[in-house]
Structures are given as C-alpha cells and as structure tokens.
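Let us walk through this protein together, starting with one residue and its partners and then stepping back to the whole chain. Keep the viewer open as you read.

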Amino acid sequence: MALSKDEREQFLAEPHIGALSVNAGADRGPLTVPIWYQYTPGGKLWLLTGLGSRKHKLIEAAGHLSLMAERLDPTVRYVAVDGPVLSIEPGTDEQLVEMAVRYLGEEKAPAYLEVARDAHGPSVIVTVDPKHWLSADLGAL
C-alpha cells in the first residue's frame, strides 16, 4: 500500500541509512552506496560527501540523484525519492555534527567526530529537491 504524502515525508525524516544512486556513465550501472542523509518534511534533502570523492564527481556530473530508505520492522516500508541537485557547496563542521548526532546520538557522536575530522578531510553538502516519490508499506514479515 502506498504511503500518504505525510507518511512518506515523516518516514524519510527518520534516520534510516539511505541507498544513494547516481549515474556512473555510459556502459555502467549507477553508483549505489549507503549514505547518511538529512531531511525535514516539506523541505530539501541533503547529504555530505568527501570533496573530490567519486560520489561528489558523479553527482556533480549527473546533476540528479536517487535515494531510497527502508526498514523491516515493525513492517516492511520504504521511500524512494529522486530529483535535481540544487547545489553543491563546501560542508561545514556544524553539518557534520548534525549528521553524526542524527545517526549516532549525543553519546557516540563525539568519538566519531574526532576520527572523521582527521580522516575524512573536507566535505561538500549536496542539496536535492525531492521531485519524484515512490513509497509503500508492505506489511509485517
């Protein structure tokens, strides 16, 4: 059963691991990788990735991406969105902190941030307009 607009937006706003897909060029399937993302109902979707990374370069070249989030409990539910990339800008430490707290919580985020700031290098924030939605709740397993 398809989700209502409010249900799908609320689901996407929850901290699920997203599956990002972006065109990887001629004679290639799309690059599909797990990623943390941020979304507020009615707003734009955003994610952080490494400056100059393969994801960054492919997203910039394609100008469009898809993201799918799913869960298995208490019911099998998913939401997939795709849309144009609105902007790619330098990421900030505040955005990194926001994302780490969203996924790891207040207690575990500081340890992750200590490593991430040293190991990952500069990032970019990719902002996407979620134009097309596909969603369903398939019921309990």
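Predicted model: local features only at pLDDT ≥ 70, side-chain atom pairs only at ≥ 80, totals over all residues.

V97 belongs to helix α3, which covers residues 93-119. L113 lies 16 residues from V97 in sequence, yet the two C-alpha atoms are 7.1 Å apart in space. Is V97 buried, exposed or something in between? Its relative accessible area is 28%, so V97 counts as partly exposed, because that value falls between the 20% limit for buried and the 50% limit for exposed.

A second residue worth a visit is H56, which sits in helix α2, residues 54-62. H56 has a relative accessibility of 8% and therefore counts as buried. A polar atom of the H56 side chain lies 2.8 Å from the backbone nitrogen of G52. Which residues does H56 touch once neighbours within four places in sequence are set aside? They are T49, G50, L51, I88 and V124.

Here are the two residues side by side.

| Residue | Helix | Relative accessible area | Contacts beyond four places in sequence |
|---|---|---|---|
| H56 | α2 (residues 54-62) | 8% | T49, G50, L51, I88 and V124 |

Now look at α2 as a unit. Its buried residues are H56, L58 and I59. These buried residues pack against several strands: β1 (18-22), β2 (31-35), β4 (45-50), β5 (64-71), β6 (76-90) and β7 (123-128). Just after α2, G63 adopts a positive phi of about 70°.

Let us zoom out to the whole protein. The model holds three helices and eight strands, and from the N terminus their order is α-β-β-β-β-α-β-β-α-β-β. Among contacts between residues at least 6 apart in sequence, 71% link residues at least 24 apart.

What about overall dimensions? The C-alpha trace spans about 45 × 45 × 25 Å along its principal axes. A compact globule of 141 residues would have a radius of gyration near 14 Å, and the 15 Å of this protein agrees with that. Of the 141 residues, 40% are buried.

Finally, the surface and the charges. The accessible surface comes to about 7900 Å², with 55% of it belonging to carbon and sulfur atoms. The protein has 13 positive and 19 negative charges, and their mean positions are 5 Å apart.

How values were computed
Residues numbered from 1 in each chain as written. Heavy atoms only, no water. Helix = DSSP H or I, 4+ residues; strand = E, 2+ residues; numbered from the N terminus. Rg over C-alpha atoms; globule rule 2.2 N^0.38 Å. Buried < 20%, exposed > 50% of the residue type's maximum accessible area, 1.4 Å probe, protein only. Contact = heavy atoms within 4.5 Å. Areas by Shrake-Rupley, 256 points an atom, 1.4 Å probe, with all protein chains shown as cover. Lys, Arg positive; Asp, Glu negative; His and termini not counted. Charge placed at Lys NZ, Arg CZ, Asp CG, Glu CD. Polar contact = N/O pair within 3.5 Å; in protein donor to acceptor, adjacent residues only side chain to side chain.
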